[in-house]
Amino acid sequence: MDDVSRCEIYVGLVAFRYGYVPRQANPEGLSITELEYRRAGRDSKKRLIFQLDPDAPWPRKYSDEVTGDGEDGKRIQRLRAELGTEHGNRFFQAPDELAAQVLASVAQASELRDESRRVLTLVDELAGKNQVIESKDREIAELRARLSQTEKGRIQATREAAVAAILEL
């Protein structure tokens, strides 16, 4: 699980075996694959899921529904259905096809991640500039208030001077 926490992008490959289910510290009885998948989700990792195509040349004797493992295949069927619903169905039939799909998807996810970082940097910069603008807006409001008081004072002084000049006449 530490590998999942350290990765930037989680790549999951799923065929027709549910896989090893560790007994220790695993009250839900999940397979290593499902535990890693769920950990990546909790850690907010980008998850790229690739499933072996149901029509791919795969010896059915190794499928859980034939071996009886994973509740006669029900667990892997449930997981595959969930993965398809959550991430879409990216099926592959051969290793070279899988490699091409993984490479393209990781490159695209990396570009999106880099673009997200650039946007977040811009947002941080704008937030900083916004704080400066808000500070300047407060200063301007204070100066306007002082100016207004000064103008009122000048007007009052001018009135008083005018009144005094009239009274002297």
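The notes below cover a helix pair and then a cavity.

This is a predicted model, in which local features need pLDDT of at least 70, side-chain atom pairs count only at pLDDT 80 or more, and totals for chains, interfaces and linings use all residues. Residues are numbered from 1 along each chain as its sequence is written, and side-chain values use heavy atoms, without hydrogens and water.

**The helix pair**
- The axes of helix H2 (residues 32–42) and helix H5 (residues 74–87) come within 12 Å and cross at roughly 25°.
- Because angles under 35 degrees count as roughly parallel, H2 is roughly parallel to H5.
- Glu-34, Tyr-37 and Arg-38 of H2 meet Arg-78, Leu-79, Glu-82, Leu-83, Glu-86 and His-87 of H5 in the contact (heavy atoms within 4.5 Å).
- By class, this contact of H2 with H5 has 5 charged, 3 nonpolar and 1 polar residues.

**The cavity**
- The structure holds 1 cavity of 30 Å³ or more; on a 1 Å grid over the protein atoms alone, a cavity is a set of points where a 1.4 Å probe fits but cannot get out.
- Lining the largest cavity are Tyr-10, Gly-12, Val-14, Thr-33, Tyr-37, Ile-49, Leu-79 and Leu-83 (lining residues have an atom within 4 Å of a point).
- Strand E1 (9–14), H2 and H5 each give two or more residues to this lining, and E1 provides the largest share, 3 residues.
- The lining has 6 nonpolar, 2 polar and no charged residues.

Notes: Axes are lines fitted to C-alpha atoms, for helices over the stretch in contact, and angles run from 0 to 180 degrees between N-to-C directions. Helices (H or I, at least four residues) and strands (E, at least two) are DSSP runs, numbered from the N terminus. Angles under 35 degrees count as roughly parallel, over 145 as roughly antiparallel, 65 to 115 as roughly perpendicular and the rest as oblique. Ala, Val, Leu, Ile, Met, Phe, Trp, Tyr, Cys and Pro count as nonpolar, Asp, Glu, Lys and Arg as charged, and the others, Gly among them, as polar. On a 1 Å grid over the protein atoms alone, a cavity is a set of points where a 1.4 Å probe fits but cannot get out, and a pocket is an open set with protein on both sides within 12 Å along at least five of seven lines; lining residues have an atom within 4 Å of a point. Grid points are joined across faces, edges and corners, and a volume is the space filled by probe spheres set on the points.
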